[in-house]
Structures are given as C-alpha cells and as structure tokens.
Amino acid sequence: MKRRKILSLIITVLLATSLLAGCGTKAKTDDTKAAIATDKAVKITMLNTKGEILTQLEAAAKVFTTENPNITVEIIPVAAGVSPFQKISTMYAAGNAPTLAMLDPNDIPKVADKFADLSAEKWVKDASAGTLDAGSVNGKVMSFPLAIEGYGLIYNKAVLDKAKVDPATIKTTKDLEAAFAKVQASGVAPMVLSPMDWSLGAHFLTSLYMDQSKEAGAPEKFIGELKAGKVDLSTNTVFNGLMTTFDVLKANNLDKKSPLAGVYEKAAERLGKGEAGFWFMGNWAWPDIKKFDTANGQYGFIPVPVSNNAADYGNSQIYAGSSKFIGVDIKNNDTDQQAAGKKFLEWLVYSESGQDTLVNKCSLVPAFSNIKLEIKDPLGKSINQYLTDKRAIPTIATLPGDHWAQVGASMQKYLDGKSDKKALATDIQNYWKNIK
Amino acid sequence: MGNEKSFWGKFKTFSIYAGPSTFAFLTVMIIPFIYGVYLTFTSWDGLSEIHKFIGFENYIAVFKDTEFWTSLGFTGWYVLATVIITNAIAFLLAYVLTTGMKGQNIYRAGFFTPNLIGGIILGFIWKFVFSNILVYIGENFNLPFFETSWLADPKKAFWTLVIVAVWQYSGYMMIIYVAGFMNVPKDILEAASIDGANGFKKMKSIILPMMIPSFTVCLFLSLQRGFMAYEVNLALTGGGPYKTTELISMHVYNKAFLSQQYGVGQAEALILFIIVATVTLIQVSITKKMEVEA
Amino acid sequence: MKKQKLIANIIKTIVVCGLLVLYIVPFIFVVVNSFKESKDVTANPLALPANFSFDNYVEAFKVMNYSNAFMNTLIITLVSVAIIIICASMTAYIMVRKKWKITKYLFFIMVISMIIPFQAIMIPLVKIYGSIGMLNSKWALMYMYLGFGVSLAVFMYHGFIKSIPMELEEAAMIDGATRFQTFWKIVFPLMKPTTMTIVTLDVLWIWNDFLLPSLVLVSSDERTLQLSTYYFSGTYSVNYGLSMAGLMLSILPVLIIYLFLQKGIIGGVLQGSIK
C-alpha cells in the first residue's frame with residue numbers, strides 16, 4: 001500500500017515538472033510571436049560546420065544584432081564526425097533548413113537548387129580572383145566564400161636559421177632534400193609527416209590533379225580522363241615527381257619508424273617546440289602550433305616541389321582556396337529571412353565588426369580584396385602573401401565526397417611500406433574508373 | 001472489469017496494457033522504417049525534391065559492392081569474438097559480485113564506468129594506450145609484441161576493437177546478469193544446499209536454467225551491439241589502417257553520407273538488418289524455448 | 001574447510017580488484033587530465049597536472065550553459081524512463097499472461113525492431129515528424145524515446161515475468177482484486193530488480209544520447225548536456241582538456257544516480273526473498 005502511494009507520488013511530481021517545463025517553453029514561443037507582430041523582427045539561423053570558430057561566430061551574431069536590432073541570428077553547430085552533407089540532408093528532410101548553411105565546396109552542386117542566386121550581391125565584385133568559382137554553379141554565384149585556407153610545408157624559422165637553411169631557395173625536390181639534410185645535421189629531425197587520410201588524400205595527393213598544367217580547367221579535364229580510364233599514372237610526370245617528393249618526405253619523417261602512429265596535435269607540438277623543421281599541413285593549424293611556439297611566431301610556408309626543374313608548374317606555387325561556402329536557403333526560409341541572411345553576409349565583408357570577426361577573432365584569411373585588415377598569424381600571413389604575389393593555385397573543389405577517404409587509405413598503405421608506386425597508381429586509377 | 005473473454009473485453013484489456021506502447025512503437029519505429037524501405041526502391045539521394053521509382057537498382061548495386069561483403073565478413077569475426085568474451089566476463093563478474101562480497105556496490109559501479117565514456121575521448125584514451133603506453137612498455141621491456149602500435153597493424157587493430165568493445169560492454173551485460181542472479185529464488189537454493197548439493201551442482205541444475213532469460217537478453221544485446229558497432233570503430237581506428245578495420249555500420253554510413261549514395265546506403269542498411277534480424281531471431285527463439293516458467 | 005573458503009575468497013578479491021583497476025584506469029585518466037590545459041593533455045597524457053586547475057570545469061560549465069542543459073536532460077531522461085517503465089511493464093505482463101496470437105506477433109516485431117539500424121530510419125523519421133511540425137520540442141523527443149525504448153524494456157520484462165508464480169495473482173484475484181490492481185500491487189513490485197536494471201540502462205542511454213536530440217532539438221535553449229559538448233571540437237583538432245571536463249560534468253550525475261539506485265536493487269532482493 002505504501003509503495004503504491006510513493007509510486008503515485010513520484011509519477012505526479014514527474015508529470016507536474018514536465019507540465020511546468022511544457023508551460024515554460026510555450027510561454028517563450030508566444031512572446032516571440034508577439035515580437036514579430038509588433039516590430040517585424042526576423043530570426044535567422046546559420047549552420048556552422050567549422051567547429052573551431054563556433055564561439056566566435058556566436059559572439060559575432062550578438063554584435064550583428066546590436067547593429068541590426070530587428071535581426072537575431074542563431075548559430076547551429078554540428079558535431080564532430082558528422083559531415084556537413086549529412087547535417088544539411090537531415091535538416092532539409094526535417095523541413096527546418098538553416099537560413100545560412102556553411103558547407104564544403106563539393107557539397108554545393110548538390111544543394112544549389114535550394115539556394116538563392118547571389119550573383120547580384122555587393123561582395124561579388126570584391127571577391128579575390130578565383131575564390132568564387134568553387135561555390136558557383138553554371139556560372140552563377142550560389143554561395144559565399146567564407147575564408148581562404150592554404151597548405152604546404154610549414155617551416156619553423158628558428159630551426160631553419162640554426163641549420164642555415166633559407167626557405168626561399170628551396171625550389172626543387174633536390175633543394176628540399178638538401179635542406180632536410182642540413183636540418184638533420186643541425187641535430188633536429190627534418191620534418192614530421194602526418195598520416196591522417198584527409199591530409200594525404202585531400203591535401204597531398206591532390207597536387208596530382210592541380211599541377212598537370214597551367215591552363216584553366218586542366219584539373220577537371222585530367223579527372224575526366226581518369227574517369228574514362230585513359231590515364232596511365234605510372235607514365236605521368238606529375239605523378240612520378242610527386243611520389244619522388246613523397247619518398248623524400250617519408251625518408252625524413254620524424255615518425256618514420258612507425259609512420260601511421262602520428263597524431264595531429266603531436267605534430268603541431270613537435271614543430272612548435274622546434275623538434276622538427278617542417279610539417280606538411282595548412283594554415284588552420286596555427287592555434288595548435290601557437291600553444292607550443294618557441295620560435296617567436298616565425299613560421300611560414302614553402303610549396304611542395306614536384307620536380308627538379310624550378311620552373312615547372314607547382315614548384316613555386318602554394319595551394320589555396322576557399323574551404324567553406326555559405327549558401328542562402330530559399331526552401332524553408334521566407335523572403336524576409338533570406339534578406340536578413342544576405343545582410344549578415346554583407347556585414348561580414350563590409351562592416352568593421354564583421355571584418356574584425358573574420359580576420360582577428362576567427363583568424364581567417366578573407367576571400368575579399370576590400371578587407372585591408374592585417375592578418376596577425378604567421379601562417380595566414382604567409383598564405384596571403386602567396387595570394388598577393390599571385391603564386392597560389394586554386395584548390396580543386398569538385399572531388400567526390402569520399403575521395404579523401406579512399407585515396408587517403410591507399411596513400412597510407414604506401415606510407416606504411418605495404419604498397420608500391422605501381423599499386424598506388426592502380427588504386428587511384430580504379431577509384432576514378434568506378435566513380436558514378 | 002467486464003468480461004475479459006469477449007472481443008471487446010480483450011480489446012479493452014489490450015488497449016489499457018499495451019496500447020500506449022504499441023502506438024508509440026508503431027509510429028516511431030515501424031512507420032519510418034516502412035517509409036525507409038520504400039525509399040530504397042527510389043532514386044532519392046537524400047536531398048533532391050523529387051525521386052523516381054527505380055525498382056531493385058539499389059539492391060543490385062549492393063551485391064556488386066565488394067567492400068560491403070568484405071566488411072560484413074570482418075564484422076562477423078568481430079561479433080563472434082566480442083559476444084563470447086564479453087558475456088563470459090560479464091557472467092563471471094555478476095556471479096562473483098552477487099555472493100555478498102564486501103564493497104560489492106562499488107565494484108559494480110566501477111565495472112560500469114567504461115560504458116559512460118564514449119566518442120572522441122574514448123578514442124583518444126585508447127589510441128594513447130595502444131600507440132604510446134604499450135609501445136613504451138614494449139620498447140623498454142623488449143617485448144616485440146608491443147613494440148609497434150597495435151593500431152598500425154591490420155590484424156592487431158582487429159583485437160584493439162575487440163578489447164575496447166569488451167571493456168565497454170562487459171559492465172553493461174554484468175548489470176543484466178546481476179538482476180538475473182537476484183531473481184533466482186533464495187529458498188530454492190537453500191533447499192538445495194540442505195539436500196547436500198555443492199556449488200557446482202547448484203550452478204548447473206538451478207542457477208543456469210533460471211538465468212536463461214538473462215542469457216536471452218544479453219546474447220541478443222551483444223549480437224546487436226556487435227553488428228551495429230560504429231562509435232568505437234570511428235573513434236579508435238576510424239576504419240584504419242587503410243580501411244582494414246571498417247565494420248559494416250561504418251561502411252553503410254559512409255556509403256550514404258560520404259560517398260553520398262544515399263539510396264545504396266539505405267539498401268545496405270536494410271540488407272544488414274535482414275541478416276542480423278535472422279541471426280538474432282534464431283538465437284532468441286532457441287533461448288526462449290529454454291526459459292522456465294516458475 | 002574454512003581455510004579453503006578463505007583462500008578462495010582472497011583469490012576472488014584479488015582477481016576482481018585487479019580487473020577493476022584495469023577497467024577504471026582509463027576513467028581515472030580522464031579525471032586527471034580534465035584538470036590540465038589541453039596542450040598538456042596531448043603533450044603528456046600520463047603526467048599529473050603541472051598546475052592543478054579547475055579552469056576547464058569553469059569554462060565548460062559556462063560554455064555548455066550547464067544549468068539549462070542539465071535541467072533539459074534531467075526532465076527528458078526522468079520522464080521518458082518513467083513512461084517507458086509504466087508502459088512496457090504492462091505490455092510485457094499482458095503478453096506473458098494472455099496467450100494471444102497478436103501479442104506473440106507484436107513481441108517478435110518488437111524484438112526484431114531492436115536490430116533496425118538507427119541510420120536506416122533517421123531521415124524518414126525526421127521527414128515524417130518534420131512535416132507534421134513535431135520537431136524541436138522536449139515532448140516529441142520523449143515520445144520518440146518511448147517508441148524506441150519500449151522494445152528493449154518489454155523484451156527484458158517478458159523474460160522475468162515468467163518467474164513470478166501465477167498462484168500469487170490467482171490468489172489476489174480470488175480475493176476480489178482486479179487484474180489492474182493485482183499487477184500494480186503484486187506483480188510490479190516483485191520485478192524490482194528488472195525495473196531497476198531497465199531504469200539504469202535507459203537512464204544511461206537517454207542521458208548520453210546524442211544523435212536523436214541533435215535531430216529533434218534545434219534551438220540552443222532546448223539543448224541537452226550531450227549536445228552542449230559541440231563546443232569542444234574543431235574541424236581538425238579537439239580541445240581535450242575542455243572535452244574531458246565537459247564529459248565529467250555530464251556523467252557525474254549519472255554515476256550518482258546509479259550508486260543511489262544500487263540501494264534500490266538490494267531492497268528488491270530483500271523483498272524477493274520474503275516472498
């Protein structure tokens with residue numbers, strides 16, 4: 001009898017709490033409804049798929065609202081391990097897609113039919129050369145380039161100075177080898193090579209496509225030939241040159257005893273502490289290197305050489321491109337919300353606080369030439385320099401979603417010594433032949 | 001309470017006792033599932049506005065996907081290893097921890113904690129154990145078995161997955177076995193002791209048969225958890241080294257969202273479901289027949 | 001005879017203790033590292049914190065909007081578990097006591113449904129409930145937990161109801177009790193160990209669940225504790241110090257509940273033996 005009473009008491013308390021909770025949320029929705037009626041307040045949402053800038057974006061959203069009082073921006077984060085594509089698919093399926101969606105370049109073509117055409121936006125003319133291409137479909141600008149990211153061989157200047165290596169003189173694979181030897185001789189490991197599949201597959205191996213020739217559209221053409229099975233990689237000069245360089249990296253890798261065991265954070269630590277001279281990575285790694293910095297912020301990029309002829313395409317250029325694009329949804333957001341979303345994007349490019357958010361708070365290299373703020377971090381600065389010197393090759397953005405995973409796995413096998421150049425070439429060729 | 005034998009009486013009884021459960025169950029699991037099955041027969045890629053009926057095309061693609069079948073085989077071995085080891089350890093732990101040892105509760109809570117850690121942190125910890133701690137031990141104590149990171153070798157990586165899974169789930173299964181042990185009526189055990197039966201005989205003739213419901217549940221759960229393992233896979237090996245430890249759930253997920261072939265991914269998920277359902281149904285019906293009613 | 005028992009006991013204790021240490025070490029690892037700065041965590045995970053600081057916890061608490069997220073998670077978990085227990089126990093009971101064909105089929109469908117990979121119904125689920133506007137609310141989430149959780153609970157209750165002698169119920173009903181009263185006053189209390197087990201498993205599942213809330217709850221003030229851990233991972237790297245503090249903040253309540261529930265299971269044993 002007593003037990004039953006206790007049980008019913010617990011249930012009553014639970015039901016009461018949940019009722020109160022329910023009442024609480026109901027009241028809130030009623031309030032916002034009233035607000036919309038009176039001062040035409042617009043609420044927009046933005047999907048953020050760049051975890052490291054989440055807190056900064058949320059702060060920026062608040063600043064934006066103080067400057068535009070009737071627009072509130074809610075930032076929707078995405079969990080680690082969930083691809084932007086998965087998140088946006090589920091959101092469209094649920095019918096609650098965000099006003100602004102930050103996606104990877106190769107997702108854009110799939111979602112473009114749900115986005116607004118942004119070709120007439122103010123910032124289009126201020127975008128740096130080539131930065132809009134990956135986010136455009138059929139010549140129409142369908143998305144906004146958030147930031148430029150670039151990658152190459154990051155060097156620790158303190159280490160190089162001690163080894164008497166001038167990074168600007170490294171123009172060929174042989175030069176690189178010599179530089180490595182000098183660093184080794186000065187008592188420091190030449191470099192650290194990260195084994196992550198995304199690093200090898202999406203960043204290293206893609207030089208294969210981009211260095212084929214200077215002509216516009218050459219990478220896409222080359223991929224077309226790969227898909228048709230017309231390419232024999234073992235006779236391709238770029239492939240062979242690239243793999244020779246990779247062998248050099250392999251041989252001088254600090255982790256060469258156990259090449260697959262390397263971890264991202266550890267590599268940043270090694271470079272920062274001066275225990276390695278070079279690291280193949282991108283400018284997003286600066287916050288991780290900074291934590292261990294012993295070189296007083298003196299770091300920079302050199303391109304990855306692919307041949308022994310300094311004049312060859314790719315030897316003196318760094319790869320850089322916009323890594324995230326933001327689209328404005330027209331399916332689940334009304335015209336007021338779309339306009340508010342476009343305003344936010346404009347704010348990022350033209351307002352003082354917007355530019356401050358991009359460059360200073362989020363440490364991004366903006367894709368717009370009108371933004372004159374000085375880039376404070378050494379890696380961003382280096383990339384920006386290459387861009388200004390017109391020594392940047394736009395990163396290819398139309399790779400299939402699983403390219404980095406599949407090709408990356410083949411590269412890992414090679415790195416581990418379990419595969420040879422011939423097998424790797426066949427793997428890559430087969431991957432493209434089987435792509436739908 | 002009315003006539004329970006009449007149709008309306010039966011209907012009333014059913015609605016009161018099983019109504020809410022059945023309704024929620026049907027609307028949350030079954031209807032979306034049927035809809036999902038329907039989608040596998042269309043060309044829907046997860047995003048487009050329209051889709052057209054394409055019959056069995058997706059399923060044919062599944063049969064052609066050799067990686068799916070290799071992964072399935074690999075998963076089979078994984079399931080075999082984890083089910084046997086996890087249940088053995090869980091059962092023994094539960095047995096020991098229901099004999100009235102001192103501090104039983106603390107032990108039970110302790111064995112349960114692995115289940116609380118998941119995701120990235122789980123991956124970080126265990127990657128560190130396999131790549132750094134064991135390697136350190138291997139190098140300094142000259143044990144070649146541990147000298148290179150287990151995660152870098154396809155065969156050893158398999159065992160890292162098994163070890164972490166056993167670590168995570170033995171506590172979970174232990175709890176279910178504990179409840180099972182507690183359900184064995186103490187009076188029957190006492191009567192048997194008075195009759196002169198020793199520990200071993202008691203186990204064989206009384207405890208084991210009365211524990212079969214626990215076996216049903218635990219075997220079922222470990223089979224299901226094994227086949228559907230994803231988080232540990234992602235966090236610990238990520239399918240590596242170079243895709244040699246990709247369990248089937250990861251393959252299916254990647255098919256749908258990484259290769260962005262949603263239709264094929266869904267079809268694979270369904271085929272996986274049919275296979276696992278068959279295995280577990282056989283298991284459940286066998287063990288259910290062995291259950292004794294008091 | 002006594003000496004043998006003593007040795008056996010000592011061996012038992014040593015083995016169990018040893019295993020326990022192995023099982024707990026990773027957990028202790030997390031606890032220790034949660035007091036270190038993130039870069040120290042990756043630089044030397046084994047070292048004790050150089051500067052023992054609660055900074056990670058304070059920051060995690062703030063960033064996760066802890067009190068709000070905690071309340072959300074608490075309400076969702078407790079209510080969902082309560083309705084699962086109530087509905088599932090009754091369903092399992094009627095399945096065992098009445099040998100109807102329909103309940104037999106229902107049982108098998110429920111068992112099989114536990115195999116359905118969540119990924120297979122994820123998008124259809126979201127499509128259906130999105131189109132009827134039932135997303136972004138705690139209620140929808142709790143309803144879904146009932147739908148998802150009822151199968152396992154019914155499965156577990158089903159096995160254990162069989163161990164309760166029918167004579168007890170028959171005696172009560174002869175004395176004039178309705179079936180409903182008999183169930184709640186006699187049968188349900190006898191299933192305390194099973195109930196406590198299901199409560200434990202379900203509390204753990206729902207409290208730590210990430211995927212379903214991420215699909216159903218969208219706005220930031222509805223977020224659960226798990227969802228609030230978004231803040232700690234970037235595209236390529238993770239802030240381990242914060243993550244670990246966040247993890248500890250999320251699971252400490254569950255550990256406390258579990259220890260608390262353990263007492264309930266002991267109580268259940270005493271009840272069972274008085275039978």
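Start by selecting K101(C), K104(C) and Y105(C): these exposed residues sit on the face of α5(C) that is turned away from its buried side. Keep in mind as you go that this is a predicted model.

Now widen the selection to the whole of helix α5 of chain C, residues 101–113. Its 13 residues reach 18 Å from the first C-alpha to the last, close to the 18 Å expected at 1.5 Å a residue.

Next, pick out the buried residues of α5(C): T103(C), L106(C), F107(C), M110(C), V111(C) and S113(C). Why do they lie on the same side of α5(C)? Look along the axis: they cover an arc of only 160° around it, and therefore share one side of the helix.

Select its side facing chain C: 68 residues of chain B are in contact with 74 residues of chain C. Helices that each supply at least two residues to this side of chain B include α1 (7–40), α9 (199–227) and α12 (262–290). Colour α1(B) separately, as it gives the most, with 18 residues. By residue type, the side of chain B that touches chain C divides into 47 nonpolar, 17 polar and four charged.

Finally, colour chain B by confidence. Its mean pLDDT is 86, with 98% of residues at 70 or more. Helix α3 (residues 66–96) of chain B is highest, at a mean of 93, while helix α6 (residues 144–147) of chain B is lowest, at 77.

Note on methods: Residues numbered from 1 in each chain as written. Chains lettered and ligands numbered in written order. Predicted model: local features only at pLDDT ≥ 70, side-chain atom pairs only at ≥ 80, totals over all residues. pLDDT = per-residue confidence, 0-100. Helix = DSSP H or I, 4+ residues; strand = E, 2+ residues; numbered from the N terminus. Contact = placed C-beta atoms within 7 Å. Nonpolar A, V, L, I, M, F, W, Y, C, P; charged D, E, K, R; others polar. Expected span 1.5 Å × (residues − 1). Buried ≥ 20, exposed ≤ 12 C-beta atoms within 10 Å, placed from the backbone. Arc of directions from axis to C-beta.
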